[in-house]
Every structure is written in structure tokens, then in C-alpha cells.
Amino acid sequence: MSQKVIQVTDLGKQYRLGQVGTTTISDDLKRFWYKIKGKDDPFLKIGEENDRTKKGSSDYVWALKDISFDVNQGDVLGIVGKNGAGKSTLLKILSRTTAPTLGEYKIKGRVASLLEVGTGFHPDLTGRENVFLNGAILGMTKAEIKDSFDEILDFSGVEKYIDTPVKRYSSGMYVRLAFAVAAHLKPEILIVDEVLSVGDQEFQEKCLGKMRSVSESGRTVLFVSHNLLAVKQLCTKGIYLKNGKLLKTGTTRDIVEEYLNDDKQLKSDGTIPDDFYREFGTGEAFFRKIVLTDMNDNSLTRFAFNQPFKLKLYLEALKQIKDVTININITTSLGEPIIFSVDSKDSKYLSHTFEEGMHEVDVMFNFKLLPNNYRVTIGVHYFKDGITIDWLENIYQFKIDKVSYNTNEDYPWDTIHGYIEPESIWSYKRI
Amino acid sequence: MSTKNQSNQEWDIIVKPKSSSLHLNLREVWAYKDLIALMVKRDITSVYKQTLLGPLWMFIQPIFITIIYTFTFSSSAGLSTDGIPPILFYLIGQTFWVYFSDCLTKTSNTFISNASVFGKVYFPRLVMPFSVIISGLVKLGLQISLLAVVYLFYYFKTDQVQPQFAYFILLPLFIIIMGVFSLSLGIIFSSFTTKYRDFTFLLGFAIQLLMFLSFVTFPASMFSPLNQTILMCNPIASSMEAIKFILTGHGVFSVYFIIMAIITTMVLFFFSIIIFNKTEKSFMDTV
């Protein structure tokens, strides 16, 4: 059994909403007065659950409440949750940039937090000077930086510019240099926020690769990301935060599934509730209903192997929307897209104009899915610039069974490799 | 995996909402001494990047201000300089005053100007004000060399300068008093300004006012003994007068005032540490 390196107990963080002004000073005075009288802070008793979609009545909100979990040495812990679920607040508290309001946590070992690359870079200083400064801010000693300076330089690939002020750098060079410093930290616990995943593909790969090598060397990593694939690939354990509460801890797979399952509350006939929360979209049109049906228009969430199915969408346009395209993604249960479909004819993508009102869109596919769980993501966008009108991620789930539609064509094996079975022609010849 | 198996000693960091207010974690600051050194280097080198004269500006500034003061306060207004040659009088005042006021202004910005760094990485927050004071000291050291040149000129040229050699050993004490006093005031201001920015405006007035109460532009001997005693409650005023006395033999030098200055500074310092400890942990939420 590996050793516990982080122990979090009943952690809570309360924030005050609104601006700092006269009310804050009266609250401060009240708090001070209670303290003199030896009572508890009166504002800790109030405060609402952190749900940003509803306007609350209280000025205080709990960004995190009652969070308890342990991390063992060598764990790579993925923290998932929607925007505003408290992920970054948790990382901020664990990296000691802000203190908790309630509860406590204990850490064993040196912690380095990468909530941003290039923290403390001074534009007027040269690359070389900034490497030392940034390294020292991240907790390295001068000797350690000196030892790994050549490696850092090599990794960053900006050797030619190392004695030029960083304000003359391109943003790419800046990020590369900054990340090179961070990559050569040698902490026992590394805390990484998703901001790292902004750069280009190569940069992201580098970040992930670095984190992988950190965890392989037996160190502990805490990782926040919306990129579920990265979470799944890297992390051994996960915790799922929702509205500031800890919903679930467990293996990464469980957590990611739970995260994707949650909150997609369709009515049983596939109707999307009116108050369904949309992350983005222009609001000119809304999907109202989504169902998968068999050929007799029975809506189903479970299909037999080989059974043909249709997708039926109801789209309500609040005004005329011209030149738009609906796209459909079928993803695995973990959210990896495997099928992308838009209206097309003769290899040419088509756009469509919807008049104001309700429209029904039926889509027939010609492919065979292997037995597994799947999800559907639907979106409607403008054809030319891709601006999203409405978009619902992983909105519909369905399952393909091993048992076949035609009784004698069941899927015969235990293991399932892949998701799609193409039509294929095989020929055999002895040579 | 039960908690009881691991005693508290095994943990390196334990964070709770509240901890001791007076705890000044100097060992942790010491662990970051390289960062302090680099910050000092950054403070000094980055200011003069992209200038032609570079660090020469450190000497040009006091020369110009001394000339201006000599014209306005001495030649035009005819204020006394206590028998010290006016140029030397103002240069002494200017050199030490700028050290104090620079340190104060910069430390008072600790939280606000470093918010972007503090919000992303943890290191002992005291590193920042400490590095400001140290870079102030380095700058003071360089400016003292200018002062030394002017001083030696007057020492050999006139008999108005009567150094009190026996007391020269006390000079570092006054530099420390001024440094600690500015650090304490700066920390207090920086702690208050994280939530209520009103204090930044207040500090602007306070520094200007304090300059006139610190005998930078006129000597203490202009005042009645009672008023002198009141004004000497300000550690900067008593340090300034003592420095002038040690260097030139003109000025108010009293053991009583010096002890008072030390006590005032110490009290303020402890007070500032309490406030700083309270602020540093969660200022990110209000800044």
C-alpha cells in the first residue's frame, strides 16, 4: 500500500459575490464584532450552493463545500467537473495561493503548481534571466536551475534568442521557454491546471508527455482538464466535482462516465426540457427533441446488433435561419467521437435554410455499430463561419446489444475491438 | 489507510483556515533566498533597461533634486540649514529620504502589483517586501558613494563639517530603523489596500506630509523644544537628525529619541507582521 501524500478533510471555500463597497465593510465589522464576543463567523452559516445558472438571494456562495479525499503517492488524480464546479478553486487552495474557509488539508513533499506557464516573466529581462527568475519562483534553487539550464535551453528550442528580452519573443517562443522551465521542476507533487492545454498540438503533446513521465517516476500529479481523453489517458484516479460538492471519487473510467451521464436529463420521450442549460449558442434556434428509432418509428435507447436505426431531431427556429448545417457526432461512452455526419450529396456538404417554426429532421445512417454504449452530440451551426446556434454535447445515450436483430447473427465473441464494422469484401487465394 | 496511522509530524504542510498570527516563518523565507537575490537583481537591472545612461540615473536624480532644493528652500525661502553647507544638507536629506520613501511606496504595492504571480504560485509572500528593501539598500549604497564625494569635498574645503567619528558605528542602525519602519508601514498599507483601495490615495498624501515632518528640507533646530519632542516621535525624523549630527556635527542627537525610535519601529513591525499574516493567506479573494 502506497503512502498517503495528500489528505483533504472537510474543505470549504466561501466567496462573497458582488463588488467591494459599503456592504462589505459593514459585513467585515459585523464579523469583527462576533469575533470579539467569541462567537463564530455569522456568515459561515449562510451561503448557497454554487449554481451559477440561478440567481441566488444570498451574497455569499460556497465555491467548495465538504470536500474530503486522499491521494496516495504515485497517483495521477484527474479532477473533472463543469465550468464553475470548483475545480480551479480546489487547485488554488491546494497550491496555497488562497486559504480555505473551513476544513484543513495536509501535504507531504514538495509541491509545484503549474496553474499558468511563465509566471513572473518580466518582459524587459532576457530569456536567460527569466529562466532563473521563473525557476526560483516555482521553487527551484539557483544551483538546480544552473544544473538543468542546458536541458531547459535544449527543450525550449529558443537558444538563439536566449539573450534577447522576452518581450521581443513570439508568443510561441515565450510559451516554449516558459514550459521548458516548468518541465524541469522536480517536485514530489505536481499540480497542473487545464490552462496548459491551450497551446498548439505539439505543445499539448509535450505537456501530456511530461506529465506522463512525471507520474511514471513515482511522483504524484493532480490534473484538471475538460479534455476527458487526456484525463482518461493520464489519470489513475478521479474525483468529480459538481456545484462545489464532491460527487464521486473512484477510477478514472467511472468518473468520466459519471460526468458524461450526469445532467443530461431528457424526458423519456426524448424531449429536451425548456430550462435545459446550454453552454453556448446564439439562441436563434433550439433543439427540442432527439430520439433514435427503429424503422417502425419506435423510439429506443437499446438496439439489437445489426438493427437499423434512424435519428429524429426536432429543431425550433425562433426566426428564419439561413445557410445552416446540422451536424451529428456519435461518440463512445467516454466521449471520443467516432462518427461525424452532416448533410451531403455527391461528396459535397450541403446547407439548409429553416423558416421560423418547428422542423423535424430525420437522418438515416448506413453503417454498423459494434456492441457497446454510445452517445450522440448534436449541433446546428452557420455553414460559412461555423458560429454555433445550438449545441448539445452527449445529449442522447444508447446501447447496442450483442444479441442480434436476426436471431442467428449474434455477435459471437467476448471481446469487442473497435466500434464500427465497415462493409468489406474479402477474397482468399492460395499462392 | 486510516488517518491515525500517520501522525502530524509526517506531514510537511498543514493548512487550516486560521493559524498563529505572530508566526513569522523566516526559515521558509530563507529557503527562498535565491529568489530574493534574483528579485533584487531584477528590480535593479530591469529599471534601467533601454536607457542610455543606465544606472547613472541613480546619481543624476539626487543631484538635480539637491540643486532644486538649494534654490527653493535655501536661496529663495532662506530656510536655515543648521550651519551645514546647503548642498550637503539637502543631499544627505535627499539620499536617506528617497531610500525610505521608495521602499515604502514599493512595499505598499506588494499585494496588488504581484497579484498575478501570487495568484498562481505559492512562495512566502514576505519574499517580495524583503527583496524591495534589499534592492533599496543596494541603491542607497551606490548613492552614498555620491554623497561621500560631496561630503569629502566639504570636509577638506570648509570647517563647517565636523564629523563625530565615535558615532559612525551607529550609522547602520539608523539605516536599519528606516528600512524596518518603511517595511512595516508598507506592509500595513499593502494589507489594507487589497480590499479597500482608499488607502492608496491616503499613502500619497502621507508620504508628502511625512517628508516635511522628517527634517529633509529644514532642520529640527527651527522648532521649540516641545514641538521638537512631538516631531521626534517619528522615527524617520529622529534618524535623519541623528545622521546629520554624526556626519556634520549639526543636528539633534539624543539617546532618548533614538530609543524611542527603536521601540516605535519594533512595535510597528510586530503589528505589521500580524496584519500581514492575516492578509497573505486569502488576499487573492479580495484583491
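Predicted model: local features only at pLDDT ≥ 70, side-chain atom pairs only at ≥ 80, totals over all residues.
Colleague: At roughly what angle do the axes cross?
Modeller: The axis of α3 of chain A, residues 127–137, comes within 10 Å of the axis of α5 of chain A, residues 171–183, and the two cross at roughly 40°; because angles under 35 degrees count as roughly parallel, that value makes α3(A) oblique to α5(A).

Colleague: Which residues meet there?
Modeller: From α3(A) there are Gly127(A), Val131(A), Asn134(A) and Gly135(A), and they meet Leu177(A), Ala178(A) and Val181(A) of α5(A). By class, the residues of this contact are four nonpolar and three polar, with no charged ones.

Colleague: Switching topic, how many residues of each chain are in contact with the other?
Modeller: Chain B has 31 residues in contact with 36 residues of chain A.

Colleague: And which element of chain B gives the most to that side?
Modeller: That is α2(B), which gives five residues to the side of chain B that touches chain A, while β1 and α6 of chain B are also among the elements giving two or more. This side of chain B has 15 nonpolar, six polar and ten charged residues.

Colleague: What about the largest nonpolar core, which residues touch the most other members?
Modeller: Of its 130 residues, those touching the most other members are Ile79(A), Ile191(A), Leu222(A), Phe223(A), Leu35(B), Val127(B) and Met178(B). The largest share of this core, twelve residues, comes from helix α4 of chain B, residues 86–108.

Conventions:
Residues numbered from 1 in each chain as written. Chains lettered and ligands numbered in written order. Core = buried A, V, L, I, M, F, W, Y, C linked by C-beta atoms within 7 Å. Buried ≥ 20, exposed ≤ 12 C-beta atoms within 10 Å, placed from the backbone. Helix = DSSP H or I, 4+ residues; strand = E, 2+ residues; numbered from the N terminus. Axes fitted to C-alpha atoms, helices over the stretch in contact; angles between N-to-C directions. Parallel < 35°, antiparallel > 145°, perpendicular 65-115°, else oblique. Contact = placed C-beta atoms within 7 Å. Nonpolar A, V, L, I, M, F, W, Y, C, P; charged D, E, K, R; others polar.
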